[in-house]
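Please work through each task before reading its solution.

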Amino acid sequence: MEGVSLADLYKFDEIYWVPQDKTESQLAETPIANIEKETIAAVKPKVSTPWVVVGTIAEAESARLKLIFSAPPLVLGPTEWSVYTPSEEEPSLTEFLKETSAQRYIFIGQQPASWQGELPTTEIDKIESKLVYFFPRYISSLTDTEKTLKMAFWNALKEMKG
């Protein structure tokens with residue numbers, strides 16, 4: 001195993017050294033580095049496809065979505081859609097839509113609490129010139145007896161393709 005030099009570990013960090021001969025009043029005058037909330041909020045979500053599925057997508061759900069997106073008349077290639085997993089600390093829904101470049105958003109399953117009042121339930125809505133569809137269930141969790149829900153989801157996707 002190859003070793004890592006100690007200098008490489010601190011390459012991008014600032015290290016402060018406090019000599020023992022400083023008094024408490026001198027230490028109190030020393031500036032403290034603070035990370036501002038604006039700096040953390042400035043990190044933008046990365047979405048680079050025209051369609052984005054937003055939710056915590058498990059492998060079974062991902063396989064189901066691949067099948068749905070490959071069926072005519074929808075037929076979306078792997079570079080035309082992506083999955084974004086939101087965190088609980090997302091900006092408002094309208095800010096999220098402004099900061100991302102996709103044109104069609106499919107929100108599936110449980111979403112962050114900050115988005116709950118803003119998401120249109122089971123209907124397509126136009127927000128910030130982008131088409132938004134929220135389906136509160138995962139497609140992989142629907143049973144054969146819930147055929148109407150499956151059809152509602154499929155018809156909404158066809159309408160979004162428009």
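**Exercise 1.** Determine whether Asp144 is buried or exposed, and identify the residue with which its side chain forms a salt bridge.

*Solution.* In this predicted model, Asp144 has a relative accessibility of 69%. The cut-off for an exposed residue is over 50%, so Asp144 counts as exposed. The side chain of Asp144 meets that of Lys150 in a salt bridge, with 3.4 Å from N to O. Lys150, at 27% relative accessibility, counts as partly exposed.

**Exercise 2.** State how many salt bridges a search of the whole structure finds, and describe the one between Arg137 and Glu146 and the one between Lys98 and Glu95.

*Solution.* Side chains of opposite charge can pair when their charged atoms come close. The search finds three salt bridges.

- Step 1: Arg137 and Glu146 are joined through their side chains at 2.8 Å, N to O. Arg137 is partly exposed at 30% relative accessibility, whereas Glu146 is buried at 19%. The limit for buried is under 20%, which means that a value of 19% falls within it.
- Step 2: Lys98 and Glu95 form a salt bridge at 3.8 Å, N to O. Both residues belong to helix α5 and stand three residues apart, about one turn of the helix. Lys98 is partly exposed at 49%, and Glu95 is partly exposed at 32%.

**Exercise 3.** Locate Glu90, classify it as buried or exposed, and list the polar partners of its side chain.

*Solution.* 

- Step 1: Glu90 is found in the loop between β2 (81-84) and α5 (93-99).
- Step 2: The relative accessible area of Glu90 is 11%, so this residue is buried.
- Step 3: Its side chain makes a polar contact of 2.8 Å with the side chain of Tyr84. A polar atom of the Glu90 side chain also lies 2.9 Å from the backbone nitrogen of Ser87.
- Step 4: Among the residues that Glu90 touches, beyond four places away in sequence, are Phe96, Pro112 and Trp115.

**Exercise 4.** Which element gives the largest share of the largest nonpolar core, and which residues does Phe153 touch?

*Solution.* The largest nonpolar core has 20 residues, and Phe69, Ile106, Phe153 and Leu157 have the most contacts inside it. Elements giving two or more residues to this core include β1 (51-54), α4 (59-69) and α6 (147-161). The largest share, five residues, comes from α6. Leaving aside residues up to four places away in sequence, Phe153 touches Leu65, Ile68, Ile106, Ile108, Tyr133, Phe135 and Ile139. A second, separate core of 15 residues includes Val52, Val54, Phe107 and Phe134.

How values were computed. Residues are numbered from 1 along each chain as its sequence is written. This is a predicted model: local features need pLDDT of at least 70, side-chain atom pairs count only at pLDDT 80 or more; totals for chains, interfaces and linings use all residues. Side-chain values use heavy atoms; hydrogens and water are left out. A nonpolar core is a set of buried Ala, Val, Leu, Ile, Met, Phe, Trp, Tyr and Cys residues joined through side-chain atoms within 4.5 Å. Buried means under 20% relative accessible area, exposed over 50%, partly exposed in between (1.4 Å probe, protein chains only). Helices (H or I, at least four residues) and strands (E, at least two) are DSSP runs, numbered from the N terminus. Contact means heavy atoms within 4.5 Å. A polar contact is a pair of N or O atoms within 3.5 Å; within protein, one must be able to donate a hydrogen and the other to accept it, and residues adjacent in sequence count only if both atoms are side-chain atoms. A salt bridge is a side-chain nitrogen of Lys or Arg within 4 Å of a carboxyl oxygen of Asp or Glu.
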